[in-house]
Amino acid sequence: MADQVFNVLFLCTGNSARSIIGECLINQWGQGKFRGYSAGSHPKGEVHPLALAVLRRQNYSTESLRSKSWDEFAQSGAPAMDFVFTVCDNAADEQCPTWPGQPITAHWGIPDPAAAEGDEVERMMAFRQTFRELENRIKIFINLPFGSLDTLKLQKKLEEIGQTELGE
């Protein structure tokens, strides 16, 4: 298990902000142990420009990021997921596809930064907040003692992480 690379899928409705940020963060922080992906039930078809701006300001590579359907990951030949996290309320309530390999799932809901109102500074602050919340949860997640947790304990820990707010 020590050499295993875990595949992690972040789901949202539009796959333009939260799930994209989650994919990018886990690929950065979980290097060598986690491989991140993202998708949406109704993808927007493009990554939100402010999501890209936040990631670039933190020196994350954004070249490979794209908005895509979750259907890509439910097809034969797709990477088998070990973990699937919904990061928006709409995706948590939707009927998800049956994922090959029976991944562990959890809801890590975060307000939609793309729905933030106000001037560009206020909207950018919403994207930065999303980045910080997901970064906090992902850092907790990648540091779990996977080898000593059975599936039920791991599921409970993942649900707890979904309730974590900044500063906890």
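**Helix crossing, loops and a pocket**

Colleague: At what angle do the axes of helix α2 and helix α5 cross?

Modeller: Roughly 65°. Helix α2 covers residues 49-57, helix α5 covers residues 120-142, and their axes come within 9 Å. The axes are lines fitted to C-alpha atoms, for helices over the stretch in contact, and angles run from 0 to 180 degrees between N-to-C directions. Helices (H or I, at least four residues) and strands (E, at least two) are DSSP runs, numbered from the N terminus.

Colleague: What kind of model is this?

Modeller: A predicted one, where local features need pLDDT of at least 70, side-chain atom pairs count only at pLDDT 80 or more, and totals for chains, interfaces and linings use all residues. Residues are numbered from 1 along each chain as its sequence is written, and side-chain values use heavy atoms, with hydrogens and water left out.

Colleague: Back to the helices. Is the crossing of α2 and α5 left-handed or right-handed?

Modeller: Right-handed. The near helix is turned clockwise from the far one; left-handed would be anticlockwise by less than a right angle.

Colleague: Which residues make the contact?

Modeller: On the α2 side, L50, A51, A53, V54, L55 and R57. On the α5 side, E120, R123, M124, F127, R128 and F131. Contact means heavy atoms within 4.5 Å.

Colleague: How many of those are nonpolar, polar or charged?

Modeller: The contact of α2 with α5 has 8 nonpolar residues, no polar ones and 4 charged. Ala, Val, Leu, Ile, Met, Phe, Trp, Tyr, Cys and Pro count as nonpolar; Asp, Glu, Lys and Arg count as charged; the others, Gly among them, count as polar.

Colleague: Which residues are buried in α2?

Modeller: L50, A51, L52, A53, V54 and L55. Buried means under 20% relative accessible area, exposed means over 50%, and partly exposed is in between (1.4 Å probe, protein chains only).

Colleague: What do the buried residues of α2 pack against?

Modeller: Helices α1 and α5.

Colleague: Zoom out. How many helices and strands does the protein have?

Modeller: 6 helices and 4 strands. Along the sequence the pattern reads β-α-β-α-α-β-α-β-α-α. The protein has 168 residues, and 47% of them count as buried. Take the contacts with a separation of 6 or more: 72% come from residues 24 or more positions apart.

Colleague: What about N15? Which loop is N15 found in?

Modeller: The one between β1 (6-12) and α1 (18-29). N15 also has a positive phi, about 45°, and is not a glycine.

Colleague: Is N15 buried or exposed?

Modeller: N15 is buried, with a relative accessible area of 0%. N59 is exposed, at 72%.

Colleague: Stay with the β1 to α1 loop. What does G14 touch?

Modeller: H42, P43, K44 and S67, leaving out residues up to four places away in sequence. G14 lies in that loop and counts as buried, at 10% relative accessibility. G14 and C88 are 74 residues apart along the chain, and their C-alpha atoms are separated by 9.6 Å.

Colleague: And H42? Where does H42 lie?

Modeller: In the loop between β2 (34-40) and α2. H42 is exposed, with a relative accessible area of 54%. H42 and T13 are 29 residues apart in sequence, yet 5.4 Å apart from C-alpha to C-alpha.

Colleague: New topic. What volume does the second largest pocket have?

Modeller: About 150 Å³. On a 1 Å grid over the protein atoms alone, a cavity is a set of points where a 1.4 Å probe fits but cannot get out, while a pocket is an open set with protein on both sides within 12 Å along at least five of seven lines. Grid points are joined across faces, edges and corners, and a volume is the space filled by probe spheres set on the points.

Colleague: Which residues line the second largest pocket?

Modeller: E23, C24, N27, Q28, Y60, S61, S64 and L65. Lining residues have an atom within 4 Å of a point. The lining has 3 nonpolar, 4 polar and 1 charged.
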